[in-house]
Amino acid sequence: MNKAQTLKRKLGSPKPFLSVARDTEYIPSQVSINFNLKWKDIDWKKVEKSVFKLQKLIYRASMSGEFRKMHRYQKLLLKSYYARLLAVRRVTQDNQGKKTAGVDGIKNLTPIQRFNLVNLLASRHLKASPTRRVYIPKPGRDEKRPLGIPTIYDRALQALVKLGMEPEWEARFESNSYGLFRWSTHDAIQAIFVSINKKPKYVLDADISKCFDRINHDALLGKIGQSPYKRLIKQWLKSGVLDNNQFLESVEGTPQGGVISPLLANIALHGMEECLDKFAESLPGKKRDNRQALSLVRYESRLCNLT
């Protein structure tokens with residue numbers, strides 16, 4: 001039985017009801033429980049608050065350089081029932097591409113299947129499946145952009161890993177990197193405004209060509225270091241692509257379309273501000289003035305260079 005069939009079978013088979021109610025204040029009977037109401041009755045504010053508290057602990061440990069403590073918190077988040085609930089909700093309900101199927105062919109999940117997926121994330125015995133390549137048109141252009149769509153299980157697991165990795169890297173990223181744990185698009189716009197306000201500037205807006213497709217796997221895994229998520233990330237990077245029923249091996253890049261891909265791209269781009277500062281210091285004139293004259297604002301894979 002292949003991975004897609006195994007996943008469909010496990011999502012369709014009911015699990016013990018006690019595991020569903022593990023983090024609730026009551027244990028419903030197997031006869032009276034209504035799954036259509038149970039998923040809706042989850043206190044999502046409580047779930048998000050609990051996960052955010054754990055993310056803050058990861059962020060603070062990363063900021064202070066206590067990496068052993070940070071890794072313990074990340075492992076705790078990976079096992080957290082609340083974190084798994086939140087990851088499944090984001091993949092199956094919140095994300096814009098929730099109805100796009102991977103190689104497993106699964107689009108929509110019923111409430112009982114969502115609970116089964118939450119329980120399935122705790123075992124993590126399924127290896128990463130290849131992503132299904134789809135092509136979508138670029139706005140205003142004739143060319144199409146390739147997207148790699150993981151299976152519903154891989155998407156949920158990536159969302160879970162992302163919850164633990166974002167606060168770690170948000171504490172380490174340069175000050176002008178936006179679009180992740182704390183910072184939004186508006187923060188990036190404000191940073192650009194502050195850099196050009198009352199100063200004559202040239203603004204270069206750049207989108208890195210094939211940013212996701214050309215990321216070096218070894219360099220990326222080297223930056224990630226001894227993370228508890230490293231083995232999973234390596235599986236996703238090496239899982240390959242299924243394009244028109246033809247399997248293509250993954251030699252480089254991270255598929256654009258995966259839940260964790262924007263974070264991995266930002267990790268790969270980490271260090272650009274430091275390189276820019278070194279370049280500014282090599283120019284003639286005062287080093288301090290040269291550094292202040294150049295600014296780099298990064299939002300995911302889009303760059304804005306202010307000179």
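How many cavities of 30 Å³ or more does a search of the whole structure find? The search finds two. The model shown in these views is predicted.

**View 1. Helices H5 and H8 pack at an angle of about 155 degrees.** H5 covers residues 67-79, and H8 covers residues 152-170. Their axes lie 9 Å apart. An angle over 145 degrees counts as roughly antiparallel. H5 and H8 are therefore roughly antiparallel to each other. The crossing of H5 past H8 is right-handed.

**View 2. Residues of H5 and H8 make the contact between these helices.** H5 contributes Met70, Gln74, Leu77 and Leu78. H8 contributes Leu160, Val161, Leu163, Gly164, Met165 and Glu168. Sorted by class, the residues of this contact are seven nonpolar, two polar and one charged.

**View 3. The largest cavity holds about 100 Å³ of space.** Its lining is made of 14 residues. Which of them are the closest to its centre? They are Thr131, Pro150, Gln158, Trp236 and Pro255. Rolling a probe the size of a water molecule over the atoms shows where empty space is left.

**View 4. Three helices, H8, H11 and H12, each supply at least two residues of the lining of the largest cavity.** H11 runs over residues 230-238, and H12 over residues 261-269. H8 also packs with H5. What classes of residue make up the lining of the largest cavity? Six are nonpolar, seven are polar and one is charged.

Notes: Residues are numbered from 1 along each chain as its sequence is written. This is a predicted model: local features need pLDDT of at least 70, side-chain atom pairs count only at pLDDT 80 or more; totals for chains, interfaces and linings use all residues. Side-chain values use heavy atoms; hydrogens and water are left out. Axes are lines fitted to C-alpha atoms, for helices over the stretch in contact, and angles run from 0 to 180 degrees between N-to-C directions. Helices (H or I, at least four residues) and strands (E, at least two) are DSSP runs, numbered from the N terminus. Angles under 35 degrees count as roughly parallel, over 145 as roughly antiparallel, 65 to 115 as roughly perpendicular and the rest as oblique. A crossing is left-handed if the near helix is turned anticlockwise from the far one by less than a right angle, and right-handed if clockwise. Contact means heavy atoms within 4.5 Å. Ala, Val, Leu, Ile, Met, Phe, Trp, Tyr, Cys and Pro count as nonpolar, Asp, Glu, Lys and Arg as charged, and the others, Gly among them, as polar. On a 1 Å grid over the protein atoms alone, a cavity is a set of points where a 1.4 Å probe fits but cannot get out, and a pocket is an open set with protein on both sides within 12 Å along at least five of seven lines; lining residues have an atom within 4 Å of a point. Grid points are joined across faces, edges and corners, and a volume is the space filled by probe spheres set on the points.
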